[in-house]
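Subject: Structure for your review

Dear colleague,

Please find below the structure that I am handing over to you. My findings follow directly after it.

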Amino acid sequence: MIELPPEAWEALRLSLKVSIVATVLSLPVAIWVAHILARGRFRGRGLLDALVHLPLVLPPVVTGYALLLLFSRSGPLGAVLEPLGLGLAFRWTGAALAAAIMGFPLIVRAIRLAFEAVDPRLEEAAATLGASPWRVWRTVTLPLAAPGVLAGATLGFAKAFGEFGATITFVASIPGETRTLPSAIYAFLQVPDGGAGLRGLVAIAVVVAVGAVLVSNWLAPRIAARVAGR
Amino acid sequence: MLDVSVQHRVGAFTLDVDLQTASGVTAVFGPSGAGKTTLARCVAGLTRPDTGRIAVDERVVFDGDTDLPPHRRDIGYVFQEARLFPHLSVRGNLMYGAGRGTDPTDVANMLGIADLMDRRPGALSGGEAARVAIGRALLRQPKLLIMDEPLAALDARRRETVLPWLERLRGAGVPILYISHAIEEVARLADTLVLLQEGRVVRAGSLAEILSDPEAAALMGPSQAGAVLEGDVIEVADGLAAIRTPAGVLHVAGVTGGRVRIRIRAEDVIVATQEPQGLSALNTLPAVIEAVQAGQGPGVMLRLQAGDGVLLARLTRRSFDRLGLGVGQKVWAVLKTSGVARSDVGGGS
């Protein structure tokens, strides 16, 4: 077992909490957006597509700054949320939002590809069997896209776990509140004797990332086989 | 039962159909590109026609004001490919459109798929998958069942494994619209026949009537032509069944018993002016030439009245002239038993 200073454990716990919350909350939205991008025919579809991909191409520090402008005490959303005690700036919930936004394009992309791969002829068959569009979506489309949803969720989780630029810009690096694992690694790097804690956290980051990929790779063929009816 | 009048344009193709069907099996027959599938999809609500009116069992599902989505039309659809849901078991597929508490056992037994209930669609043969797709559409308890070439994706052997089950469906009481370009299937299954060509209905009527009409035969292509007779097996000996048909007693191989339907291809009927002697062919029936239809090719189609049955015979124009045949003339129709193909023998209603 690696000797870790308590603040390193704290950063790991916080990072897990932030990335799980970010993934779980963004998943339903990502599924919805992926579906309308894959199947919808409406004006502004290209715009929505570009907007979803924005966090992928913008410098993270710019995304973080935009969030700060929106959610700070004087920002348009912050001015509403702060008095209700729901402010996000400099809170762990803000870190979760930043992580969710940065992972969003990756999740949407994976799920959208999966939706596009679902055979519309099966959906047609379901409709002739008396299923409403909502039931068709729930019982045919979504289950058949499940491998893509899993892949997207894994990617999103890994991205959220490693998010640094937007997070530190938006919620800073407050120990115990917003100092996630990447922020903690950065903080250790600033101190000359950061040694043991730094190496430990780097090792953990590698283990979590590899673990997420392994779990996903183990699950994916099983879900795919289920969906393919073997 | 079904009352359709639709117009629909796709590119240069125009579907313009006016059609009323009764209960039983109505076959829509025509070459590829005649608009059969477009018509079926319009009826099911999968394709929206430009204009028209569609009513099923007196209930309007499409007209100027109404356009019910497919799931509210009470119409089952069996596609050319089985389209089974790969993530569900056979049972899950069968029950997908069935009401709560429905027992799939009877339908599964009728289609011979009761032993496959826990299998995944990926583990089914083509013929099994086709039967599951039919069962799934039946258990939805539709007011009308559309079958759009359900056997076209199968090879001849597999088709043979499914056809007998389809014949049993005729007794299930659901009105069926059967889309096909294979005359053997149509001859075995249909009660009513609709000929569709280039988007239009060119003939509609009872199966026996149309199949024994030389004019309709010309429309269907002479090599497809052949009358259909129904009869009862009265005796089986030496692997040959004697079948009493309205045209007389015929001897046919590969039939075991019961009521059967036989298609006799016009090409397999030979016409003689005198009773033939010393022929190896087993089936010789006295007949009267009732109608003569000369086509554009070298062939002539004859409609023969044999007893109370009707046969079609296709001769070359040269033979026709040499024998000096004409309407009203008494002839002998010679049918080789092998002229009644095994695949063309099926259970009747």
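Predicted model: local features only at pLDDT ≥ 70, side-chain atom pairs only at ≥ 80, totals over all residues.

Overall form of chain B

Chain B contains 9 helices and 20 strands. Its C-alpha trace extends over about 65 × 50 × 30 Å along the principal axes. The radius of gyration of chain B is 22 Å, which agrees with the value near 20 Å that a compact globule of 349 residues would have. Of these 349 residues, 47% are buried. Among contacts in chain B with a separation of 6 or more, 67% are between residues 24 or more positions apart.

An open sheet in chain B

Four strands of chain B form an open sheet in the order β2-β1-β4-β5, and their pairing is antiparallel. Its edges are β2 (13-21) and β5 (59-62) of chain B, each of which pairs on one side only. From one strand to the next, the twist averages 25 degrees. Helix α1 of chain B (residues 36-44) packs on this sheet, where it touches β1 (2-10), β2 and β4 of chain B. The direction of α1(B) makes about 120 degrees with that of β1(B). Strand β4(B), residues 51-56, runs antiparallel to β5(B) and is joined to it by 3 bridges. Within β5(B), Phe62(B) is the residue that stands opposite Ile54(B).

Most residues other than glycine have a negative phi. Asp74(B) is located in the loop between β5 and β6 (75-78) of chain B. With 17 other C-beta atoms within 10 Å, Asp74(B) is partly exposed, because that class lies between the limit of 12 or fewer for exposed residues and that of 20 or more for buried ones. Asp238(B) counts as exposed, since it has 7 C-beta neighbours inside 10 Å.

Helix α5 of chain A

Helix α5 of chain A comprises 26 residues (92-117), which at 1.5 Å a residue should span 38 Å. Its end C-alpha atoms are 37 Å apart, in agreement with that expectation.

The loop between α4 (78-81) and α5 of chain A holds Gly87(A). Gly87(A) counts as buried, with 20 C-beta neighbours inside 10 Å. Leaving aside residues up to four places away in sequence, Gly87(A) touches Phe71(A), Gly78(A), Leu81(A) and Glu82(A). The C-alpha atoms of Gly87(A) and Val202(A) are separated by 31 Å, and the two residues are 115 residues apart along the chain.

Contact between the chains

Chain A and chain B each contribute 19 residues to the contact. On the side of chain A that touches chain B, the elements giving two or more residues are α6 (120-128), α7 (133-162) and α10 (195-228) of chain A. The largest share of that side, 7 residues, comes from α6(A).

With kind regards

Key
Residues numbered from 1 in each chain as written. Chains lettered and ligands numbered in written order. Rg over C-alpha atoms; globule rule 2.2 N^0.38 Å. Contact = placed C-beta atoms within 7 Å. Expected span 1.5 Å × (residues − 1). Pairing = 2+ DSSP bridges. Axes fitted to C-alpha atoms, helices over the stretch in contact; angles between N-to-C directions.
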